[in-house]
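I opened the coordinates today to see how the chain is packed. These are my entries, in the order in which I looked things up.

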Amino acid sequence: MRHFRILLPLLLLVTLTATAQMHGYNTNFDLSQKDFCDTIPIEIEDDQIYIEAEMEGRMLRFNLDTGSSQGMLFKGAPINYWTELGKVVSHDANNRQDTVKVIALPPFRIGRLVVSNYVASVLPRPLVKGKYDAILGFDIFNKGLCAKIDAERKILILTDRRNLFDEEPGFAVKYKLKWFVPYVLTSPFIRHVDEALFDLGSRPLYTMNKASFDAHAYKSKQVNAQVEGRQQGNLVIGNYGTENKDEVAFLHLDRLKWDEFSFMNVRTITTQGSSRIGARILRYGNIIINPFRRQIIFQPKNDADSVEVGNKQMGVAFVPVDDRAVVGLIWEGSEAYQKGMRQGDVILAINGKAIRSFGEFVHYPFVEWQKYRFTLRDEKGFNKEVTTER
């Protein structure tokens, strides 16, 4: 079905909280060039931005994640040496925490720029996002680099010239740093303002913090009129586990305002983490990040002051439970629900192929618009089949 989506969000580390004898946040890494401007090719895959970096004679794949305060390296990446700096208490999107190793990476080159002593936390490779070796965090901008991201041309323009983009048109919003990552003010409802993390590591155009939504809904019937449904469940998979079950509101926004620009007809959901503006904003235009002015500028492709989004509502989210893929959340308006899929169902097979782990489910070769036959076991132990489109 068209609005059935296997939603597998992995909202990455946004807070590095230092304690005694632990490594704190810093931007003391070194850049090889000054007064430079470079155009760097990027890859766009599943609305994520990837940059090739040369390190120790090898090509590594970095994910550009503005929702991460510093870099991250995943265990198993092909790196021979690094400098250990200590440990840090890190918090994921669900506010769960762990103590992880912090290192300085070997020098690496992106475009013509060589970055030395770049700090990264060492984390296990995530179940969901596994096609890259490391993360480049917002500290690259906090260091004093401006950037223009053009997803259509698949280029990143990177510069230390603070005035390079001053004459560029677009809709500018100020950001403030919280835990060293950028938060902007958006307006999901008329006369209501929401603070959202500008997080290119998150795919959806917009997701809304449930507590923020509740505060708006308490004040306004107009807000409640844009609710398509409510359901108990969980969907966000952080670095250290899945969020606890809570109510999720399915929203159909008349418009989402970014400065004076409007994204029209936007479907989204609430989550327990921060509200977020995600990487799908790049489907509609370019982004300029200027840390000197604390501005993020959106340049729409259509040269207008609004764009029709008209996306489908999320239908189903799957989460890992005892390493099996389980329905963590399902919208009652979805075709999957109407066909008989329910929260708590465990996936046993897809099109007759056994699915024995969450990892096997994540890597199943789904193709959009094709039909798939799910063999499921419900919470009472009975098996059933549900056929629906991806």
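Buried means under 20% relative accessible area, exposed means over 50%, and partly exposed is in between, with a 1.4 Å probe and protein chains only.

**Basis of the model.** I note that this is a predicted model, in which local features need pLDDT of at least 70 and side-chain atom pairs count only at pLDDT 80 or more, while totals for chains, interfaces and linings use all residues. Residues are numbered from 1 along each chain as its sequence is written, and side-chain values use heavy atoms, with hydrogens and water left out.

**Confidence.** pLDDT is the predictor's confidence in each residue, from 0 to 100. I read a mean pLDDT of 87 for the protein chain, with 87% of its residues at 70 or more. Over residues 1-22 pLDDT stays under 50, and the model has 107 contacts beyond four places in sequence for them. A contact means heavy atoms within 4.5 Å. Where pLDDT is low, the predicted coordinates should not be read in detail.

**Overall make-up.** I counted secondary structure next: the protein chain has 5 helices and 35 strands. Both are DSSP runs numbered from the N terminus, helices being H or I of at least four residues and strands E of at least two. Of the 390 residues in the protein chain, 57% are buried. Among contacts between residues at least 6 apart in sequence, 65% join residues at least 24 apart.

**F108 and A325.** F108 touches A53, E54, M55, F62, L113, V114, V115, Y118 and L136. A325 touches V319, D345, V346, I347, F358 and F361. A325 lies in strand β31, residues 324-330, and is buried, with a relative accessible area of 1%. The C-alpha atoms of A325 and V362 are separated by 8.5 Å, although the two residues are 37 apart along the chain.

**Aromatic pairs.** I found 24 aromatic pairs in the structure. Rings of Phe, Tyr and Trp (its six-membered ring) pair if their centres lie within 6.5 Å; planes under 30 degrees apart count as stacked, over 60 as edge-to-face and the rest as tilted. The ring centres of F171 and F261 are 5.4 Å apart and their planes are at 55 degrees, so this pair is tilted. F171 lies in strand β17 (residues 171-178) and F261 in strand β25 (residues 261-271), so the pair ties together parts that are 90 residues apart in sequence. Both F171 and F261 are buried.

F318 and F374 form a stacked pair, at 6.4 Å centre to centre and 10 degrees between the planes. F318 is in strand β30 (residues 316-321) and F374 in strand β34 (residues 371-377), 56 residues apart. F318 has a relative accessible area of 0% and is buried; F374 is buried too, also at 0%. I also see F318 and F374 in one aromatic cluster with F358, F361, Y364, F366 and Y372.

**Charges over rings.** I took a charge as over a ring if NZ of Lys or CZ of Arg is within 6 Å of the ring centre and within 35 degrees of the ring normal. K143 lies over the face of F29, at 5.2 Å from the ring centre. R342 lies over the face of Y337, at 3.7 Å from the ring centre.

**R276.** Is R276 buried or exposed? I find R276 buried, with a relative accessible area of 2%. R276 lies in strand β26, residues 275-277. Its side chain makes a polar contact with the side chain of D199, at 2.7 Å. A polar contact is a pair of N or O atoms within 3.5 Å; within protein, one must be able to donate a hydrogen and the other to accept it, and residues adjacent in sequence count only if both atoms are side-chain atoms. The backbone oxygen of S274 lies 3.2 Å from a polar atom of the R276 side chain.
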